[in-house]
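Here are a few notes to go with your first look at this one. Have the viewer open as you read, and take the points in any order.

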Amino acid sequence: MSAEAAVAGAGGGKGYLAERGWRSWAFTLDHKRIGVMYLCTTIAFFLLGGVFALLLRLELLSPQARYFSNHTYNVFFTLHGAMMIFLFIIPAIPSGLGNFFIPLHLGARDVAFPRLNLASFWIFAAGFLVILGSLVAPMDTGWTFYTPYSAKTKAAVTTLSLGVFLIGMSSILTGLNFIVTIHKMRAPGMTWHRMPLFLWSMYATSIIQVVATPVVGVTFLLLAAERVLGVGFFDPAKGGDPVLFQHFFWFYSHPVVYVMILPAMGIISEVIPVFSRKPIFGYKAIAYSSLAIAFLGFLVWAHHMFTSGMSPLANAIFSFMTFFVAVPTAVKVFNWIATLYKGSITFESPMLYSLTFIFLFIIGGLTGPFLGALATNVQLHDTYFVVAHFHYTMMGGTVMGFFAGLHYWFPKMTGRMLNEKVARVAWALVFLGFNVTFFTMFIVGVRGMPRRYAEYLPKFHTENVVSTIGSAIMAAGILVMVWNFVQGLRNGAKAGANPWRSLTLEWRAASPPETENFHEIPQVDDWPYGYGTRGTGKEGR
Amino acid sequence: MDNVLAFGAASAEAGKVDAVFVLITVIGGFFFLLTQGLLIFFAVRYRRRTPGVDNETPAITGNHLLEFLWILIPSVVVLVIFYYGWRVYADMRTPRAGATEVYVTGSQWMWEVKYPDGRTAINEVRVPRGKPVKFLLTASDVIHGFYLPDFRVKMDAIPGRLTTLWVQPDRPGKYPIYCTVYCGDGHSNMNAQLVVMDPDEYAEWARGGDEKGKEDEPLPKRGERLVNKAGCLNCHAISGKEKIGPNLQGVFGSKVPLEDGKSVTADEEYLRESLVDPGAKIVKGYPNVMPTYKTSMKPGEVQAIVEYMKTLK
């Protein structure tokens, strides 16, 4: 420990976890503790959302309703979607890992507004409590809340949308906090182009959160006004338009898919060079493509609505724009692969999950043009093809990136190492199970099976059985992973300050870091990707 | 395997959609092999050979020509895909002259079909082969999605609007219609079919309807046929497990508890009223979602269904 302690300058300081008692958590202003609270909450909702997914798959073993009524099935897919989106995948990386690592990456002692940060967490907590409160009359609208159905159903739509409103408010405040933090709190010498790419992706993410989230907040207020006060924004009988809701909804919910994927891309950009022992290839291309994605992501929302009766011209424009989101995304993938070239690659669990991210995200990405092209979209829209596509990007992408980040930073967050052998078993099960579950959905989607079907025609039976088997394999993998985390926390070998020999600043702090991260604010005089044994790693940036 | 790409396309236009699908598959397949091939090849080829000792690695940080190429090439490729997808789509959206028109209204949970000459049907659209058909879609309650997988088309049916969709069926046969916009408990049961008939047969059917010549059929038998045809069984079970609406078995003559706390004996008049004005007396514990059959069923047909229900003991 002594050598690393010297590096960390962390002689007698205590780790951030030293203080005990609930007050030390509930009132903490430490970005690391707030990050840990977010992580624990979001992981709990990931597991709960996963249980709903398994129940859906269980029901789909049989073409006819067997275990649950149609209504119960509809509630399950709504809760699966709403929890995974609003309570797991949007907050998990930005608010969880982002809170923990943005200040450490910057060489800062905390975020710009620590009290606001704590307020964000408690608003988030209020939001998920309200969402759990809506379970008295559980939502059955799908996570998309489409009117007029959502305006008519007896389920607790108003309560749930109030919960999402609060979650959104928390998301805006966190985004604002991060933008200011990245602008104002970089360590001396850390120019924009010396920032780790995780920060670039978090910066782009935060911009989307601040700009797009208010729209969904307003949309849910309009929906509440429709349900409670009878105002007819979306009711054609009162002069409203149900399709307007879809425009409002996707104006937020499309950009927000980049809130989900960009942070994961940031993690991949950190892990790949460390485990290839090579500088990242095309730093600026990766950094600016994040901003390009954030910008273009605002101009494509109506590609979710090609069959909603929009004019063919409007459809053509949105299809055209959609294809151009593909370009900066492809640029990132090419740069990651080029980073591997002539590297010295090792396959510890963070790298395994990062390579899995690239592998699965390529499939998710290449199935995008089928949905972006108008002719094929009309055929595939609202079928299982779409379900497969977004699970490949969101679970194969974001969740694998999240897993990569959890394995990469576990030693830093807890001061302990994970058991690599167990981590590999979990990885293998997740990888196998994921592909069996979701690749099958491409096939059944092309064959015409619509999504959100509690019952289906017997001709789709085989694919559904295979998919359910896959989901069980994946669930086993995730259980092994959780078990490994618990074992690592209790019995893991002590981690040094920098077990992966990484050059970003968080590894100069102790594992786990002290309360204010650094004894002395580090001085930065180079970018953090100077790996490579030949050359200086500076040319051509 | 029905309805897999390029198999079972039921019209020339559907074949063009499949061609776009094949084009994207070929281009995507090429980039799949290229990127996954390099990913796996680099990962294996450049793995660390000696445990604990890094390979010597060059400090390559980028290449402007490569960055330029891998922005340019994907941009061109996506433009091609966009253009082709848009052209085929534009043709799909432009109805041909002389199309047969059919009005279709989605309601929870059935499709009501109206022909301009006054014929009506439920969950079944009959059209002649070889002639364009234009569907004029709307919905009475929430948004539904009208999806003809064999024709590679779908369009949302939206309350307060008329949306359109056209196809030109080439081959006689029965093609499924699914609802693709989630619309509640009966969403996955909102199945209907498009029946493409030879022109002669169609003309014959259009003159008399398929009820012609069946007026002297015994009422319960006719009722059974109508119940099967009109989509009643999407929501009502006649044996076994409960569906969305009340089970019809043994209803006749029973005491039915109502939502307002009263109860009613299910006699012939109650059954008739429940068909033509379903909201009049709501059975306790069931949602008031059944659409009225007032316009789509003739009095004789209602009588036949009532008689059939008497036989469900």
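1. A quick definition before the helices: an axis here is a line fitted to C-alpha atoms, for helices over the stretch in contact, and angles run from 0 to 180 degrees between N-to-C directions. Bear in mind, too, that this is a predicted model.

2. Now for the helix pair in chain A. How far apart are the axes of α10(A) and α16(A), and at what angle do the helices pack? Helix α10 of chain A covers residues 255-276 and helix α16 of chain A covers 384-414; their axes are 8 Å apart, and the angle is about 45°. Angles under 35 degrees would count as roughly parallel and 65 to 115 as roughly perpendicular, so α10(A) and α16(A) come out as oblique to each other. Their crossing is left-handed.

3. Which residues make that contact? On the α10(A) side, look for A:Met260, A:Ile261, A:Ala264, A:Met265, A:Ile267, A:Ile268 and A:Val271. They meet a set in α16(A) that includes A:Gly397, A:Gly401, A:Phe402, A:Gly405 and A:Tyr408. Sorted by class, the residues of this contact are 11 nonpolar and 5 polar, with no charged ones.

4. Next, where the chains touch. Contacts between them involve 70 residues of chain B and 75 residues of chain A. On the chain B side, α1 (12-45), α2 (64-93), β6 (144-148) and β7 (153-157) each give at least two residues. Which of chain B's elements supplies the largest share? That is α2(B), with 16 residues. The chain B side as a whole has 41 nonpolar, 18 polar and 11 charged residues.

5. Chain B also has an open sheet of 5 strands, in the order β3-β2-β1-β5-β8, and the pairing is mixed. Its edge strands, β3 (120-122) and β8 (163-167), each pair on one side only. From one strand to the next, the twist averages 25°.

6. One bridge to pick out joins B:Val113 to its partner B:Ala121 in β3(B).

7. Is A:Val465 buried, exposed or partly exposed? It has 15 C-beta neighbours inside 10 Å, so A:Val465 counts as partly exposed. Check A:Arg57 as well: A:Val465 and A:Arg57 are 408 residues apart in sequence, yet 8.4 Å apart in space, C-alpha to C-alpha.

How values were computed:
Residues are numbered from 1 along each chain as its sequence is written. Chains are lettered from A and ligands numbered from 1 in the order in which they are written. This is a predicted model: local features need pLDDT of at least 70, side-chain atom pairs count only at pLDDT 80 or more; totals for chains, interfaces and linings use all residues. Two strands pair if DSSP finds at least two bridges between them. Helices (H or I, at least four residues) and strands (E, at least two) are DSSP runs, numbered from the N terminus. Angles under 35 degrees count as roughly parallel, over 145 as roughly antiparallel, 65 to 115 as roughly perpendicular and the rest as oblique. A crossing is left-handed if the near helix is turned anticlockwise from the far one by less than a right angle, and right-handed if clockwise. Two residues are in contact if their C-beta atoms, placed from the backbone, lie within 7 Å. Ala, Val, Leu, Ile, Met, Phe, Trp, Tyr, Cys and Pro count as nonpolar, Asp, Glu, Lys and Arg as charged, and the others, Gly among them, as polar. A residue is buried if 20 or more other C-beta atoms lie within 10 Å of its own, exposed if 12 or fewer, and partly exposed in between; C-beta atoms are placed from the backbone.
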